[in-house]
Amino acid sequence: MVVVLNTLNRALEKPRHPEKAKRAETPALKKPDWIRVRAPGTPGWAETASIVRANGLVTVCEEASCPNIGECWQKKHATFMIMGDTCTRACAFCNVRTGMPNALDQDEPQKVADAVAKLGLEHVVITSVDRDDLADGGAEHFARTIRAIRATSPATTIEILTPDFLRKDGALEVVVEARPDVFNHNLECVPSLYLTVRPGARYFHSLRLLQRVKELDPSIFTKSGIMVGLGEERNEVLQLMDDLRSAEIDFMTIGQYLQPTRKHHPVMSFVTPEEFASFETIAYTKGFLMVSSSPLTRSSHHAGEDFARLRAAREAKLGVARGGAASPAPAAAAAPATA
């Protein structure tokens, strides 16, 4: 009887990625020795998981199968994913569920704020699924979440990782007006791969979105990241760096793409730690305040520590520009971070 019921339940479950269900499985490359992570299960991880569950929250750590979840949750660091667990896009690299989302939970902003307070976070990262079904793409929900955290934990710095708000006029302005400390929007890959990797997005729209943040409020730090190992050429990565600097982006992240399932875009190559270090060195020479480039780098990994370094780097740069004594060089600039 139990077996029959379980079979029926599985048959009724919606597939996580319906658009990929009929896709042929791709061969999987063997992971190299340098991609190794500790499995979750420590007391700190369990406490973070308990707070997340108690508040009925979704985290991108789980939904996107982040390899750093064990380390981050042990430190009580979590990236909250608002507006549900179902995305209206179908990117070839992403493990977040695809489909038609449910209505917004109007209590979610306060639930996130309560969790931030319980975890005692000094720095929090808020991201979301794409919500193309909403008139503003979820911009007001982002703003409400930022305001709720400010009211509950005024000393906490806030980093947001947003969708592109494609064809949502006025949405960006709503989010910027709420004044997050860091505005992150990932380009994800080089432009030549957009049609296969990120077909619902537009490269130059994403670039312009980031540039527009600086125009609206120059005090907000801007950040963007890409994955490598998807089939890009090295020169394409270097050109993308120049594009980001033209948009005055402060912080760039570069990490190895890891295939969530064999129906997702295949890993075309594993980039060596030495090449990641080379990308980091070149990116610093192009003028980024902060760069994180390593196989396990993810947008929100070490976000709190990186924010402190980012702020110090800006202060040092402003000191030099004004002709004053420069502040001591941040650790990231003196010895580039690789995590």
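**View 1. Residues of helices H5 and H6 that meet in this predicted model.** Glu108, Pro109, Gln110, Val112, Ala113, Val116 and Ala117 in H5 meet His141, Arg144, Thr145, Ala148, Ile149 and Thr152 in H6, where contact means heavy atoms within 4.5 Å. By class, this contact has 7 nonpolar, 4 polar and 2 charged residues; Ala, Val, Leu, Ile, Met, Phe, Trp, Tyr, Cys and Pro count as nonpolar, Asp, Glu, Lys and Arg as charged, and the others, Gly among them, as polar. Helix H5 (residues 108–119) and helix H6 (residues 139–152) pack at an angle of about 35°, with their axes 8 Å apart; the axes are lines fitted to C-alpha atoms, for helices over the stretch in contact, and angles run from 0 to 180 degrees between N-to-C directions. Helices (H or I, at least four residues) and strands (E, at least two) are DSSP runs, numbered from the N terminus.

The model is predicted, and local features need pLDDT of at least 70, side-chain atom pairs count only at pLDDT 80 or more, while totals for chains, interfaces and linings use all residues. Residues are numbered from 1 along each chain as its sequence is written, and side-chain values use heavy atoms, with hydrogens and water left out.

View 2. In the order S1-S4-S5-S6-S7-S8-S9, 7 strands form an open sheet with parallel pairing, two strands being paired if DSSP finds at least two bridges between them. Strand S1 (79–82) and S9 stand at the edges with a single partner strand each, so one side of each is left without a neighbour in the sheet. Neighbouring strands of this sheet are turned by 20° against each other on average, direction ignored.

View 3. Of the 6 residues of strand S8 (residues 251–256), 6 are buried, so the strand is largely enclosed by the rest of the structure; buried means under 20% relative accessible area, exposed over 50%, and partly exposed in between (1.4 Å probe, protein chains only). Phe251, Thr253 and Gly255 point one way from S8, whereas Met252, Ile254 and Gln256 point the other way.

**View 4. The partners of S8 on either hand.** Strand S7 (residues 221–228) pairs with S8 in the parallel sense over 6 bridges, and Thr253 in S8 is the bridge partner of Gly225. Strand S9 (residues 290–293) runs parallel to S8 and is joined to S8 by 4 bridges, with Phe251 standing opposite Met290 in S9.
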